[in-house]
Every structure is written in C-alpha cells, then in structure tokens.
Amino acid sequence: MTCPLVYSPECRRYDFGGGHPLNSRRLELATDLLRELGLLERHGVVPPRVASDEELGWVHSAEYVAAVRALSERPDHPLLSRLYGFGPGDNPPFRGMHEAAATIVGGALVAAEGIASGAFLHAFHISGGLHHAQRAQASGFCVYNDVAVACEFFRRRGWRVLYVDADAHHGDGTQALFYDTDEVLTLSLHETGRYLFPGTGEPEELGEGRGYGFSVNVPLLPLTDDASWVECFECVVPPVARAFRPDVVVTQHGCDTHRRDPLTDLGCTVYTAEYFARRMHELSHELCDGRWLATGGGGYDIWLTVPRAWTLVYGVVSHQDVPDEVPDTWRQRWRPLAPVDLPRRMREDPSSDAPPVVRAQNLETADRVTRRVLEILGGRA
Ligand SMILES: [Zn+2]
Ligand SMILES: [Zn+2]
C-alpha cells in the first residue's frame with residue numbers, strides 16, 4: 001500500500017488573487033521543497049479529479065452549487081455574491097472558481113477512494129482542508145468543504161469517522177455538517193472565537209440529537225505555545241479517539257497556529273505541526289489499521305512556515321525521515337522572490353513561553369471538555 005501526496009498544479013487554480021492571504025504560491029513552495037528533498041519518489045504524486053455535482057451535493061445544497069457555477073462564469077454578479085457569502089474581502093468570486101474548488105474536493109475523494117479500496121494506507125491532500133465552507137454558504141476562504149465530502153464518503157460506507165482539526169480557526173463548517181450525527185465525530189483545537197474568526201467553537205457546542213457528544217471543541221487562548229498545545233492535545237484527543245473507536249481518521253493540518261502567522265494569535269512553531277501528524281499517525285494505526293487521510297488547511301506565513309510544516313507532515317504520512325537542513329538549492333531557487341530570509345533548518349525548538357495563566361486555563365478547558373465528552377460517550381456505550 002502506498003502513501004501518496006495528492007496534488008497537481010491544477011490545485012493552484014484555487015486562488016483568490018491580488019493581495020488575498022490564501023495565496024497558491026504556498027503550495028508551489030511546499031511541493032517544490034518535498035521534491036527537492038526526494039520525498040515524492042517513493043510513493044508518487046496522485047492527481048485530483050473534478051468532483052461531480054452529485055458528490056458536492058452530499059454536503060452542499062443544489063442551489064448553492066448552481067450559484068457557485070454562475071459566479072464562476074460571472075464573478076461580478078452582486079446579488080448572487082451577497083446571497084451565498086461571496087464578495088470583496090474574504091471570498092471574492094473568481095473566474096473558474098467552481099472547477100478550481102471542485103478539483104480540491106476531487107482531491108479529497110481520490111484520497112478517500114484510495115484509502116477505502118486499500119490502495120493507499122495514508123494520503124496527504126495538501127491543497128485540501130477547506131473547513132469553513134457551509135451547506136449553502138462560502139466562508140473564510142472556503143468555497144466547497146472538501147474534508148466534509150471525504151468524511152461523508154466514508155460515512156456512506158458505514159464507517160465511523162474521526163475528524164481532527166488542528167487549524168488555528170475553528171472547523172465550523174465541518175462541525176455544522178455533522179452536528180446531528182454520531183457517525184462522524186468532529187474535534188477541533190483552535191484559537192478561541194472570542195478573538196478570532198469564525199467566533200464559534202466553544203466547549204458547549206457538543207452536537208445535537210444523536211450527535212450530542214460528537215462535536216468536541218477546545219478553544220485555546222492567544223499566545224498558546226507548543227508546550228500548551230501538546231498538553232491539551234494529549235488531554236483530549238487520545239481518550240476521545242479511543243472512546244469513539246473510528247474506522248478511519250481524517251485530519252486537517254492548518255499551520256496558521258504558528259507564531260509568525262499574520263492572521264492569528266497563537267504562539268506555536270512547526271514543532272506542533274510535526275507533533276500533531278506523528279500522534280495522529282500513531283492513533284490511526286492503533287485504532288483503525290492506519291486508515292488516515294490528512295489534508296492541508298490554513299497557513300498564511302507562506303515563506304517560512306507552510307513549506308516546512310507540510311513537508312514535515314508528509315514525512316510522517318509517507319514514513320520517510322525529513323532531514324534537519326533545508327536544501328540550499330531550494331533556498332537559492334526561491335531567494336529572488338522571497339521577501340524574507342529563507343530558513344536553514346527544517347525544524348524549530350518547541351516553544352514554551354506562554355504566560356502560566358494561558359497554560360493553566362487551556363488545560364482546565366481541555367480537561368473539562370474531555371470529562372464531559374467521555375461521560376456522554378461512556379453513557380451511550
Ligand atoms: Zn503508517
Ligand atoms: Zn485557519
């Protein structure tokens with residue numbers, strides 16, 4: 001079984017252009033670093049396909065897909081923009097947007113199909129993780145929710161899906177789409193919505209109906225460092241994952257938790273990115289024979305953080321060692337374009353400089369959430 005990267009240059013068409021923070025150059029930088037390190041040779045690179053309207057309809061309304069198609073032809077249509085969450089700012093419509101977004105969903109499906117058939121053990125869908133998209137609304141740079149479509153693909157096979165979202169922003173779209181089911185457990189660690197988009201992700205959001213206890217949220221305070229992030233992860237994720245007993249694991253590897261990220265306020269480094277991948281890898285082998293689909297996500301410090309973070313993630317996904325040195329050839333190739341000094345080292349020392357009150361409050365939150373969720377899941381077993 002192989003553990004491929006799912007990617008093709010087509011994925012870079014998902015780009016809002018201009019000075020928008022979601023800049024597809026980050027994919028070019030990351031995949032070029034992977035190639036330079038020779039990490040793409042063993043398992044190969046699998047291209048995405050374009051998801052069909054029927055597949056998009058698993059999580060999106062037909063009217064919304066039709067609106068995205070119309071805006072894709074006529075990005076200047078003001079009424080459609082307003083009705084479905086598009087417009088200047090976060091989600092400016094662009095020509096070809098439907099095909100670009102449906103290609104990202106198709107990448108998630110190629111990865112999911114490979115895992116379901118046993119052709120792939122793990123897969124990394126690097127351009128995916130568009131976790132804010134709602135049933136009939138674009139949101140937070142996300143048009144179609146590729147991770148939710150992948151979760152739904154597995155759910156339709158009767159599999160129990162554990163979705164863990166490490167992006168600095170709450171995984172609100174994915175949570176909302178599975179809020180009332182006990183077949184997909186969504187778990188998000190994120191910067192508290194008190195200070196950050198989308199404003200949700202409080203511990204009290206636990207799901208509803210049969211899904212009560214199957215939405216799990218750990219809001220973290222600004223300045224959270226690697227030490228505190230790791231501590232909260234260990235408090236919540238392994239026990240909840242073991243209580244849920246998934247058939248497959250889907251993870252979102254947004255790396256905007258980094259202290260240099262321009263959009264967020266957490267204080268992590270690329271240490272957390274690699275740590276999260278390593279632990280989810282171990283849990284997937286422990287709980288579901290290694291069936292694990294990893295996706296990208298946010299990450300707006302595109303020169304220093306994204307290439308290193310996602311190279312480290314793919315190293316874990318593909319069972320390959322990532323060296324400590326960033327190759328000089330990669331640095332030289334990108335230096336003429338880079339507004340900053342490119343890094344020499346692949347890894348960073350874990351940060352542990354959060355104020356003690358941040359660490360204490362984070363752990364208190366994580367502990368309270370874990371107790372509550374285990375109580376609910378235990379009561380249903
Ligand atoms: Zn493995
Ligand atoms: Zn994010």
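Helix α12 (residues 356-380) has 25 residues and should span 36 Å at 1.5 Å a residue; its end C-alpha atoms are 36 Å apart, which agrees. The expected span is 1.5 Å times one less than the number of residues. This is a predicted model, in which local features need pLDDT of at least 70, side-chain atom pairs count only at pLDDT 80 or more, and totals for chains, interfaces and linings use all residues. Residues are numbered from 1 along each chain as its sequence is written, and chains are lettered from A and ligands numbered from 1 in the order in which they are written.

**Helix α12 and strand β6**
- Buried residues of α12 include R359, N362, T365 and A366; a residue is buried if 20 or more other C-beta atoms lie within 10 Å of its own, exposed if 12 or fewer, and partly exposed in between, with C-beta atoms placed from the backbone.
- The cover over the buried residues of α12 includes β6 (215-220) and α8 (226-244).
- Helices (H or I, at least four residues) and strands (E, at least two) are DSSP runs, numbered from the N terminus.
- Because 6 of the 6 residues of β6 are buried, β6 is largely enclosed by the rest of the structure.
- S215, N217 and P219 lie on one side of β6, and V216, V218 and L220 on the other.

**Residue V313**
- V313 is in contact with F124, H253, A273, A277 and A294, leaving aside neighbours within four places in sequence; contact means C-beta atoms, placed from the backbone, within 7 Å.

**Residue R333**
- R333 sits in helix α11 (residues 328-334) and is partly exposed, with 16 other C-beta atoms within 10 Å.
- The C-alpha atoms of R333 and D32 are separated by 9.8 Å, although these residues are 301 residues apart along the chain.

Key: Contact = placed C-beta atoms within 7 Å.
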